[in-house]
Every structure is written in C-alpha cells, then in structure tokens.
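User: Hey, I'm new to this one. Could you walk me through how it's put together?

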Amino acid sequence: FKNGQYDSSYYYFDKAKLACNPQKNPLQFIYSISNLATIQQNQGDFSGSETTAMEAMPVLETTTNQNSKWNIYTILGNNYLNTFDYDNALYYYNKALDLKTDQYHNTGILNNIALTYMEQEEYHRAIQILYPLTLIKGVSNDAVAYSRVINNLGYCYFKTDNPKALVYLNQALKIRKKNKDDWGLNSSYFHLHFFYAQSNPILAT
C-alpha cells in the first residue's frame with residue numbers, strides 16, 4: 001500500500017474486511033474500510049471511496065475509538081473536497097475536529113478546513129486558521145506539517161496582496177527540497193507558478 005501497490009493491497013484489505021465480524025471486531029473492520037477507501041481515493045475514485053467509507057458509519061457508532069472515527073471522517077471530507085462539495089467537506093472535517101485526538105490530527109484537519117476555504121476563495125478565513133498554526137511549536141518542529149501550512153498561508157497572502165507571500169512560499173519550498181518531499185514539492189511549484197504568472201510570467205513558464 002505505502003509502496004503504491006494498490007491492486008494487491010486492495011485485494012487483501014477487502015479479504016480482511018469480509019473476514020471481520022463488525023460486531024465482534026469493529027476496529028479491524030473500520031481499519032480495513034479506511035484502507036480500502038483511501039486506496040480508491042488515491043486512484044481518483046472519489047465516489048467509490050465515499051461509498052466504501054460509508055460502510056463504516058453504522059460501526060463507528062458502536063466504538064469510542066477516536067482515531068478510527070477521525071480516519072473515516074477525514075476520508076469523507078477529502079472526497080467531498082475533491083468533488084467540490086464544500087459544505088459536506090466542512091461538515092466531516094468539523095466532525096473530525098470535534099474528536100479528542102492529538103495535535104498532529106488536529107493540525108491536519110485545520111489545514112484541510114483552510115484548504116476548503118481557499119477553494120471557495122475565502123482567503124481571509126483560511127488565513128485566520130493557518131497563521132495561528134505556524135505559532136504552535138509542535139507544528140513548526142514537524143517539517144511536513146509546517147511546510148504544508150506555510151505553503152498554503154503563502155498562497156493566501158498572495159491572493160490577498162500581502163507582500164509576505166513569497167517569503168512563506170519560498171520557505172516551504174526550501175523545507176520540502178531538503179526533506180525530498182516530492183508530493184509537497186508539487187504543491188509548492190503549483191503555488192509559485194501562479195505567483196510568478198502574475199509578477200514574472202517568463203519565470204512562471
């Protein structure tokens with residue numbers, strides 16, 4: 001799964017799901033569902049991922065495990081975000097945020113909520129979420145989380161004509177290059193393209 005071997009991973013997680021009794025082993029069942037839905041999501045099958053994740057909803061009501069609930073709510077939020085259903089995306093992200101999880105989980109959800117506002121071009125609302133995250137020590141000490149936050153913050157500053165935009169965008173890029181964060185680098189280059197398309201079209205191409 002982590003190596004991108006989706007077909008074989010999907011097969012074995014599906015077998016694991018079918019072998020589980022949701023009443024006797026709810027956490028194993030939800031774990032299998034989460035992985036199946038994530039694989040579908042990573043392959044762009046957002047409708048299929050939503051359908052799979054929804055299979056876990058009746059079982060979620062029987063468990064107090066916060067991380068299991070967080071996983072399903074986040075998967076659903078991501079599916080809705082990717083299909084431009086922003087109201088439902090925010091609904092599930094906020095359900096995840098209401099859970100008693102750790103700072104890592106909260107930071108990820110708050111970033112996703114900010115990203116949803118960005119997609120709606122509500123950049124000032126996104127800034128109100130993102131800037132406070134940069135001041136949290138646990139975030140600033142996590143290269144992946146911090147670069148994600150400041151990259152989005154930099155883009156919001158760009159869209160609101162704040163001169164600090166390039167500082168944040170370049171800082172995120174530097175961190176991601178250092179950590180060989182290929183996925184993050186794609187996002188950095190994407191945001192920088194739009195920044196320079198306005199200020200320096202030749203550099204943007």
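User: Are H5 and H6 roughly parallel or antiparallel to each other?

Analyst: Roughly antiparallel, a label for angles over 145 degrees. This is a predicted model, where local features need pLDDT of at least 70, side-chain atom pairs count only at pLDDT 80 or more, and totals for chains, interfaces and linings use all residues. Residues are numbered from 1 along each chain as its sequence is written, and side-chain values use heavy atoms, with hydrogens and water left out. H5 covers residues 66-82 and H6 residues 86-97; they pack at about 160 degrees, axes 8 Å apart. Helices here are DSSP runs (H or I, at least four residues), numbered from the N terminus. Axes are lines fitted to C-alpha atoms over the stretch in contact, and angles run from 0 to 180 degrees between N-to-C directions.

User: Which residues of H5 and H6 make the contact?

Analyst: Among them are Trp70, Tyr73 and Leu76 of H5, and Tyr86, Ala89 and Tyr92 of H6. Contact means heavy atoms within 4.5 Å. By class, the contact has 10 nonpolar, four polar and one charged. Ala, Val, Leu, Ile, Met, Phe, Trp, Tyr, Cys and Pro count as nonpolar, Asp, Glu, Lys and Arg as charged, and the others, Gly among them, as polar.

User: OK, and what about H2 and H5, at what angle do they pack?

Analyst: About 20 degrees, with axes 10 Å apart; H2 is residues 26-42. That's why H2 and H5 are roughly parallel, the label for angles under 35 degrees. Leu27, Ile30 and Ala37 are among the H2 residues in the contact, and H5 brings residues including Ile72, Ile75 and Asn78.

User: Switching topic: what volume does the largest pocket have?

Analyst: About 2,100 Å³. A pocket is an open set of points on a 1 Å grid over the protein atoms alone where a 1.4 Å probe fits, with protein on both sides within 12 Å along at least five of seven lines; lining residues have an atom within 4 Å of a point. Points are joined across faces, edges and corners, and the volume is the space filled by probe spheres set on them.

User: Which residues are closest to its centre?

Analyst: Of the 46 lining residues, those are Gln41, Asn78, Asn112, Arg148 and Trp183.

User: And which helix gives the largest share of the lining?

Analyst: H7, with nine residues. By class, the lining has 18 nonpolar, 21 polar and seven charged residues.

Conventions:
Helices (H or I, at least four residues) and strands (E, at least two) are DSSP runs, numbered from the N terminus. Angles under 35 degrees count as roughly parallel, over 145 as roughly antiparallel, 65 to 115 as roughly perpendicular and the rest as oblique.
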